[in-house]
Amino acid sequence: MSKTFPMGGIHPPDTKISATAAITPLAIPAEVAIPLGQHIGAPAGPIVKAGDKVKAGQLIGEIAGFISANIHSSVSGTVKKIDDVADPCGYPKKAVYITVEGDEWAEGIDRSTTLKKEITLDRDAIVEKIKAGGIVGMGGASFPTNVKYMIPEGKTADTLVINGVECEPYLTADHRLMLEHADEMLVGVEILRIALGVEKAVIGIEENKPDAIKLLSEKSAEYSGITVESLHMQYPQGAEKQLIKACTGREVPSGKLPIEVGCAVNNVGTAYAVYQMVQKNQPLVERVVTVTGKQVSNPSNFLVRVGTSYAACIEAAGGLPEDTGKVISGGPMMGMAVADLSIPVAKGTSGILMLSKTEARRPEVENCIRCGACVSVCPMGLEPYLIEKFARADKWDQAEQRASMDCMECGCCSYICPSGRPLLDYIRIAKGEINNRRRARASQ
Amino acid sequence: MMYSLFTLGGVAGVFAMILYFVAKRFHVEEDPRVAEVEAMLPGINCGACGFPGCTGLAEALVAAAEKKDISALYCPPGGADTMGAVAEYFGLAAPTSAPTVAVLRCNGSYANSPRKAEYDGPSSCAVAHKLGTSGSACTYSCLSEGDCVTACNFEAMYMDPATGLPVVIDENCTSCGACVKACPRDLFEIRLLGKGKKPRRVWIACRNRDRGAVARKNCSVACIACGKCVRTCDTIVKAISMKDNLAYIDPDICIACGKCVPECPTGAILATFPVKAKQEDSGEPVSTGS
């Protein structure tokens, strides 16, 4: 029996229909809107203005705060304006609109596909370069990667965990990346290993990707520190704490970061982006996006420039199916339904999923039957039914005592609930309120 | 027989003494006036006075009466009658406060702000607000899920299925502020009810702080921050101010003359009384609200 995390979890149908579609570059659109806040933390401050000429890979937004990330232009052309663009939720965020002219890259960026293996930079220089390249976690949360490598005093790391799990149904971006860019990705892992200053790196991959496990096991043989761990299929194994538990057996304490148990976790996509930046000087301006759905005529994995609209990606995959009920940004479990298809692809957009009306329908809400299914599937050991009750009754103190803030919003509870209760929706409300109250307490 | 009588009687006697001494030792002096004042209050524990319930206000009233001044306290649902009775009880001057009412500052009905997407999540504005912008493209508008109606304890509100907006029934509203707290988009405000049999009041029915063009694109009756109302009112009482692309009418200054209403190019200003349209406008007189 292969490894997995011990508590909770579910296994929804894989539906990885785009798994065999090779990564194809998507045509550069006529205009892009590059959001200045594509990461967790403070949005970058724009350093260009309307009328400026920019090249692909040129810095257009600068880090603004400790947790923040640089933003680079993904195309060459003229800055049209700096204006609002809707985020996947529909709320306006600042973005740089660029009218595309040709495809000229900024100086020093190596766009060739030749593999560059030898790593010449030392630890500090690598972290500095990751910071400069605006690299963020590509697994979904978009946490600035360089911050993970600023290890707080008194803590030491000994293992780097690389996330090749891709436990979300439908998504295949990471899978394709591992198959097609295994060499580059492994160099990226090696760079991250040096940046963390550890001997050991583990790549965790779920069993439903045997080709990736085989390929990476073979290729990683030449790197002494890197091992590949085949993991039993279980959602949400791609979550940081679950992956650490599955790969190393260590448990990150409640409210603490992975460094507490000597680990750092990065996605395979991040490792690839790190390779591109450190070895080839190419900042994070494009990513693999899975465009899929059962009704989609041509489910694909596209290499998309950041700022390209969702509509362009959907068009390239054969257009919006007639019976579409929801378009989801991300995977079906943690993704968000979008209301507007003109929104741009960001650094964290792993997939665009089109669900039919029947697939997207929310179940009828019934009374809680106290079956405890939500408790048994919660990977964090929480009591979702109880937190929902507290949230509905405005009992925020009790919700906080029940460790609501440990919830990572994986949605296992809502998925499994036989009464179709919107458990996660209310836990989110509780988390928001607890956060507000904590801030209010801190400012007192 | 005698034996058990003595034993039980003895035990009872010992406990009676313990209870007696405890009651003496920990006796709490309670002001009988608190209970009497509380009896005069409506007893609905709405919290509009700022205290958790009627007992809280009664205690505060008694404490204030000690200082011979209860003017800072008021029971909005009880109104002048209740406060008059309380003042008479203490033999003090009755505090006065103009009656107030909850006012919805959004007119993004289905017709004015066409919905661009369907929301199928739980019927809760708080959840809808967290998940996204809901149907309307305006990110400040009413979410039409009725958290305010659920929060209202006085049947002073109902959802109008035709517009998707809540309607306040002035007569029932105690201005307790439950809807103000419940609305995740802060669309309600407790404003002065206004004078007269049919109370006159004027307000900006919009909370959109986007630039005018964006706001107008998403809703035909949005405030576009053109400033016409501000200029009009500046020649009268200066009740209107402009902040973050949004006009605001201060209810304490506004004299409900209604001059600003026909000035608004989008019709974002609502009044409870009919206002004559300007000469060049051929439109109907603007009249909405209760």
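Author: Happy to. In H4(A), the residues A:Glu184, A:Met185, A:Val187, A:Gly188, A:Val189, A:Ile191 and A:Leu192 meet A:Val268, A:Ala271, A:Tyr272, A:Val274, A:Tyr275, A:Val278 and A:Gln279 of H7(A). Keep in mind that this is a predicted model.

Reader: Thanks! How do the residues of that contact divide into nonpolar, polar and charged?

Author: The contact of H4(A) with H7(A) has 11 nonpolar residues, 2 polar and 1 charged.

Reader: And at what angle do H4 and H7 of chain A pack?

Author: Helix H4 (residues 182-196) and helix H7 (residues 268-280) of chain A pack at about 85°, and their axes are 7 Å apart. H4(A) and H7(A) are therefore roughly perpendicular to each other.

Reader: Nice. Switching to the interface: how many residues of chain B and chain A are in contact?

Author: On the chain B side 15 residues are in contact with 16 residues of chain A. The area buried between the two chains is about 1,300 Å², with carbon and sulfur atoms giving 57% of that.

Reader: Which residues in chain B lose the most area to chain A?

Author: Those are B:Asp120, B:Lys130 and B:Leu131, together 38% of what the chain B side buries.

Reader: What about salt bridges, how many are there between chain B and chain A?

Author: There are 2 salt bridges between these chains. B:Asp120 takes part in a salt bridge with A:Lys326, where the closest N and O atoms are 3.2 Å apart. The count of residue pairs in polar contact between chain B and chain A is 5. By class, the side of chain B that touches chain A has 5 nonpolar, 6 polar and 4 charged residues.

Reader: And how many salt bridges does the structure hold over all chains?

Author: The total over all chains is 41. One of the pairs within chain A is A:Glu104 with A:Lys55, at 3.5 Å from N to O. A:Glu104 lies in the loop between strand E8 (92-100) and helix H1 (123-132), and A:Lys55 in the loop between strand E4 (53-54) and strand E5 (59-62), so the pair ties together parts of chain A that are 49 residues apart in sequence.

Reader: Last topic, the backbone. Which peptide bond is cis?

Author: The bond from A:Tyr235 to A:Pro236 is cis, with omega near 0°. A:Pro236 sits in the loop between strand E11 (226-231) and helix H6 (240-248) of chain A.

Reader: And what is the phi of A:Arg370?

Author: A:Arg370 has a positive phi of about 55°, although it is not a glycine. You'll find A:Arg370 in the loop between helix H9 (357-360) and helix H10 (373-377) of chain A. For context, most residues other than glycine have a negative phi.

How values were computed: Residues numbered from 1 in each chain as written. Chains lettered and ligands numbered in written order. Predicted model: local features only at pLDDT ≥ 70, side-chain atom pairs only at ≥ 80, totals over all residues. Heavy atoms only, no water. Contact = heavy atoms within 4.5 Å. Buried area = accessible area lost by both parts, 1.4 Å probe. Salt bridge = Lys/Arg side-chain N within 4 Å of Asp/Glu carboxyl O. Polar contact = N/O pair within 3.5 Å; in protein donor to acceptor, adjacent residues only side chain to side chain. Nonpolar A, V, L, I, M, F, W, Y, C, P; charged D, E, K, R; others polar. Axes fitted to C-alpha atoms, helices over the stretch in contact; angles between N-to-C directions. Helix = DSSP H or I, 4+ residues; strand = E, 2+ residues; numbered from the N terminus. Parallel < 35°, antiparallel > 145°, perpendicular 65-115°, else oblique.
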